[in-house]
Amino acid sequence: MDASRLSSHLDRLRSIGATADGGVSRLAFSPEDVEGRSYVSGLMTEAGLAVEVDAAGNLLGRRPGRRRGAPALLIGSHIDTVVNGGAYDGAYGVLAGVEVAATLAAQGIELDHPLVVVAFSDEEGAYGTMGMLGSHAFAGVLPEDAAAAFDERGRRVGDLLRAVGGDPAGLAGCAWRPEDVAAYFELHIEQGDVLERLGVPVGVVETITGRVNVAVTVDGVAGHAGTTPMEHRADALVAAGRMVLAARAIAAEERVVLRATTGTCEVSPGMWNVIPGRVRLGVEFRDADAANLDAAVTRLRELARTVGRESGTAIEVRAGARTSPVACDPDLRLLIAESAAEYGLPCHGLPSGAGHDAQVIARIAPIGMIFVPSRGGVSHAPAEYTAPEHLAAGADVLLAAVLRRDAQQEAPNNQEKNPIYLTIGSQS
Ligand code: HGY
Ligand code: MN
Ligand code: MN
């Protein structure tokens with residue numbers, strides 16, 4: 001693998017949407033996303049991949065395989081970012097996939113299986129969209145009303161898809177069948193500090209956490225900030241503040257769920273001299289056990305009834321987009337560990353606290369995820385950083401894993417029967 005070329009591609013991509021404090025804002029469907037996609041598409045072409053954009057805006061680079069009718073080996077991740085995020089989250093996995101293809105081409109290596117490198121659209125859920133939109137469409141599990149939904153800015157998702165070359169009318173046609181995919185690999189920065197603390201360069205992901213988004217709407221009574229006595233107020237923001245703390249307590253104190261975060265807060269009418277009449281909160285719960293996600297939503301509803309009663313407000317708690325926790329494929333985990341050993345790289349099995357397209361692709365294919373260390377465990381922030389030698393090591397392991405999987409006989413396609421995949425709940 002050409003580690004310096006991979007690093008220079010990462011540097012160029014981070015410049016698209018670069019922010020003043022060293023971060024990257026390349027939100028899905030934004031002009032920066034369009035420019036980033038065009039850059040990656042050019043790299044795919046240079047690497048000998050045939051480029052296409054599917055109806056969900058997924059950017060695919062295909063390389064044919066030698067064996068007729070063989071299912072594909074997929075390498076995927078995303079190039080969209082959160083607001084003022086880091087340069088490595090997602091981008092690293094896509095660019096390393098392109099580098100795998102370029103290396104195979106440069107060395108004249110033909111694979112038995114077709115190789116498809118995918119940059120999935122809207123992994124992060126830009127402007128309140130569902131997130132992992134492209135991978136849901138790819139796996140055939142996109143909710144039917146996904147294209148008709150609106151983002152927080154009032155833009156229709158179907159129109160956003162068109163902006164990146166998608167086609168809202170053709171979304172059903174993006175779905176791959178289990179028999180079309182031999183294996184899915186995703187290489188990603190850890191976004192936590194487990195590997196760094198252990199001093200281990202390669203992580204083999206065992207499970208990926210699930211998450212549920214919960215929209216909390218607090219309706220109080222707007223009024224004059226100067227004339228309304230304190231005891232006669234139904235201040236929606238004061239009640240919402242209690243809901244923020246309640247959500248936190250469900251994880252931090254009650255331990256119903258592993259993580260709870262309130263990441264958005266919209267206050268109406270949003271004037272200094274008006275008592276807030278309505279507040280919308282975006283709450284997110286995460287856990288490796290789907291039942292705990294349900295329990296957290298139930299508990300938040302209970303607490304909402306109490307807060308509503310005590311504050312004179314009406315509080316609605318509505319569960320929205322959800323991704324289920326999944327386990328990575330045991331055979332691919334072993335294969336990744338063997339690939340690391342081939343390079344003399346120590347590796348460590350660990351869970352992923354972050355969500356990944358892989359967990360959606362698990363609906364149709366065995367998934368294998370490789371992690372590399374994140375400095376200080378920081379991600380979704382400008383300080384996100386992974387050392388060049390770790391970037392290079394992860395990419396080497398990815399290439400080795402693809403070669404190893406390519407050399408294996410096809411296992412009978414038993415996705416439907418695999419107990420790992422039966423634990424996945426329905427998307428909503
Ligand atoms: O939020 C996540 O876990 C992922 O980075 N989208
Ligand atoms: Mn992310
Ligand atoms: Mn990511």
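Predicted model: local features only at pLDDT ≥ 70, side-chain atom pairs only at ≥ 80, totals over all residues.
Reader: Where should I begin with ligand 1: which residues surround it?

Author: Good place to start! Begin by listing the neighbours. Here, Asp 89, Glu 123, Glu 124, Arg 211, Arg 286, Ala 354, Gly 355 and His 380 surround ligand 1. Sorted by class, that shell holds five charged, two polar and one nonpolar residues.

Reader: Which atoms of Glu 123, Arg 211 and Gly 355 lie close to ligand 1, and at what distance?

Author: Look for pairs of N or O atoms within 3.5 Å. Glu 123 places a polar side-chain atom 2.8 Å from a nitrogen of ligand 1. For Arg 211, a polar side-chain atom is 3.2 Å from a ligand oxygen. Gly 355 uses its backbone instead: a polar atom there lies 2.7 Å from an oxygen of ligand 1. Taken alone, ligand 1 exposes 210 Å², and the protein buries 95% of that.

Reader: What coordinates the manganese ion (ligand 2)?

Author: For a metal, find the donor atoms. Asp 89 (OD), Glu 124 (OE) and His 380 (NE2) coordinate this ion at 2.0 to 2.1 Å. Asp 89 and His 380 link distant parts of the chain, 291 residues apart. Asp 89 sits in the loop between strand S3 and helix H3, while His 380 is in the loop between strand S15 and helix H11.

Reader: Is Asp 89 buried or exposed?

Author: Compare its accessibility with the cut-off: buried means under 20%. Asp 89 has 5% relative accessibility, so Asp 89 counts as buried. His 380, at 39%, counts as partly exposed.

How values were computed:
Residues numbered from 1 in each chain as written. Chains lettered and ligands numbered in written order. Heavy atoms only, no water. Near = heavy atom within 4 Å. Polar contact = N/O pair within 3.5 Å; in protein donor to acceptor, adjacent residues only side chain to side chain. Areas by Shrake-Rupley, 256 points an atom, 1.4 Å probe, with all protein chains shown as cover. Nonpolar A, V, L, I, M, F, W, Y, C, P; charged D, E, K, R; others polar. Donors = N, O, S within 2.8 Å, 3.2 Å for Na, K, Ca; no water. Helix = DSSP H or I, 4+ residues; strand = E, 2+ residues; numbered from the N terminus. Buried < 20%, exposed > 50% of the residue type's maximum accessible area, 1.4 Å probe, protein only.
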